[in-house]
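Subject: Structure handover

Hello,

My notes on it follow below.

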Amino acid sequence: MLMFRSRLTTGVALAAVTGLTLTACAGGTDAAETGAEGGGDVTITYTNFISNGGNEENLATIVEAFEEENPGITVDVTTMPYADYSTALKTDLAGGTASDVFDIEFADYEGYQQNGVLAPLEGADTSAYQESLAEAYATDGTQYALPSSFSNVVLYYNADLFDAAGLDYPDADWTWADEKAAAEKLTDADAGVFGDYQPISFHEFYKTVDQAGGSFLTEDGSAAAFNSPEGLEAARWLVEKSGTVMPTAEQGAGTPDFDTTLFTDGKLAMWHTGIWMFGALADASFAWDIAVEPGDERQASAMFSNGVAVSAGSENVEAAQRWAEFLTSSEVMVDTRLESGWELPPVADEDRLAPYLEQGDPENRQAVFDSLESVALAPSIGEKQAEMQDIVTEELTEAAAGRQSVEEALASAEERVNALLG
């Protein structure tokens, strides 16, 4: 079975919240007809980060369609910046003020489920979803959340730069050696052109450990396993790019959107990032495409998954679950996501996903699905997940800056991660 990992979770302070309330006229349908608890119409609250930054109208389309099909249920939506969301949700859950329905990420699912804050979704029909995605949000046979989307990381490349250098384009047979050789030939320091960009972070590291043939954690998850020959190769693969074929932190690497700007300006030949960036390249002035990420001992692609859960404290569980199911499996959701390029819907029906391959750039959209053939599973340790991620990123960043060796970085990260697991 494939399993999918979540987008990066960071422990940041709560900042301003952008509220967006979406309402539609609720017909006077009796609560018995709507499935709402109690008498009369019902309003359910939904807090999300998935629509922030350009997909608010797409979410509004799905809300409107739901309310038309479910007169008597109104969805009150709050949309928050991604960076603020995790802290805000944890605060609301601790205070008993969480919305009826809220977004979660796969990396956080285990911790939430263990804390008892997720309502079991009794009778939820999971046959509409890709089986592995649905299973990611179930524990001991009980569904506690539903997948709302998935996306993955691929290798973007600037075809014009490859043409100018007389190099073959990346393909599914490429290895790290192929990528490195091309990156070195494509880097032109005088012109400010870099051959490669791959973030030095936990998410890239656990994936590259897998690509090198190793494991991030021991099989039982009780200890770190990345301080190994394979882990050292993975760390070197990431760290040694900095200052050679990739910008250093001082040159801008690691600052928000620096990699996006570098690629869209035509100054970056290859870029490891997610398929959610397709829209940002719609007006690119150069030819570009994607390929499955190269591996070393094996290929292993990074996957992200978001889900939605119903609060265990909700007074409107039935109506909330109805909204969660509509948001994650309805036809209008599938159509809206595919037409807008707003990550991929989690549905199992390949025919419903077929239009995605015909949407134009990138030409090789098939690489998105080819990447599913070998997936790197994200290590998940529950409540201390964010700490683990921050530790690994911090240690590797120190190595990239030359303040410690790769060997020292992994030894320190191993000790600190094992302390979390102990």
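In which loop is Asp 140 found? Asp 140 sits in the loop between β4 (138–139) and β5 (142–143). Helices (H or I, at least four residues) and strands (E, at least two) are DSSP runs, numbered from the N terminus.

Some ground rules. This is a predicted model, in which local features need pLDDT of at least 70 and side-chain atom pairs count only at pLDDT 80 or more, while totals for chains, interfaces and linings use all residues. Residues are numbered from 1 along each chain as its sequence is written, and side-chain values use heavy atoms, with hydrogens and water left out.

Most residues other than glycine have a negative phi, and most peptide bonds are trans. Asp 140 has a positive phi, near 50 degrees. Asp 140 counts as exposed, at 79% relative accessibility. The classes are buried (under 20% relative accessible area), exposed (over 50%) and partly exposed (in between), with a 1.4 Å probe and protein chains only. Asp 257 also has a positive phi, about 65 degrees. Asp 257 lies in the loop between α9 and α10 (258–264) and is exposed at 54%. The peptide bond from Asp 361 to Pro 362 is cis, with omega near 0 degrees. Pro 362 belongs to the loop between α13 (350–353) and α14 (366–370).

Domains

The assignment gives domain 1 (42–150 + 304–363) and domain 2 (152–303 + 376–421). Such bounds come from an automatic or database domain assignment. The domain centres, taken over C-alpha atoms, are 29 Å apart. The contact (heavy atoms within 4.5 Å) takes 13 residues from domain 1 and 15 residues from domain 2.

About 1,400 Å² is buried between the two domains, with carbon and sulfur atoms giving 62%. Buried area is the accessible area (1.4 Å probe) that two parts lose on being put together, summed over both. In domain 1, Ala 107, Phe 304 and Pro 362 lose the most area to domain 2, together 43% of what that side buries.

A salt bridge is a side-chain nitrogen of Lys or Arg within 4 Å of a carboxyl oxygen of Asp or Glu.

Helix α9 covers residues 229–239, and its buried residues include Leu 232, Trp 237 and Leu 238. Among the elements covering these buried residues are α7 (176–186), α8 (202–211), α15 (385–400) and α16 (406–421).

Arg 236 and Glu 407 meet in a salt bridge (2.8 Å, N to O). That pair links helix α9 with helix α16, 171 residues apart. Arg 236 is partly exposed at 24%, and Glu 407 is partly exposed at 39%.

Other salt bridges

The total by this rule is 10 salt bridges. Arg 416 pairs with Glu 394, the closest N and O atoms being 3.0 Å apart. Arg 416 is in helix α16 and Glu 394 in helix α15, so this pair ties together parts 22 residues apart in sequence. Arg 403 and Glu 398 form another salt bridge (3.0 Å, N to O). Arg 403 is exposed at 53%, whereas Glu 398 is partly exposed at 27%. Shared partners join Glu 179, Asp 196 and Lys 241 into one salt-bridge network.

Thr 273 lies in strand β7 (residues 270–274). Thr 273 counts as buried, at 11% relative accessibility. Leaving aside neighbours within four places in sequence, Thr 273 is in contact with Asn 152, Val 153, Val 154 and Tyr 156.

Best wishes
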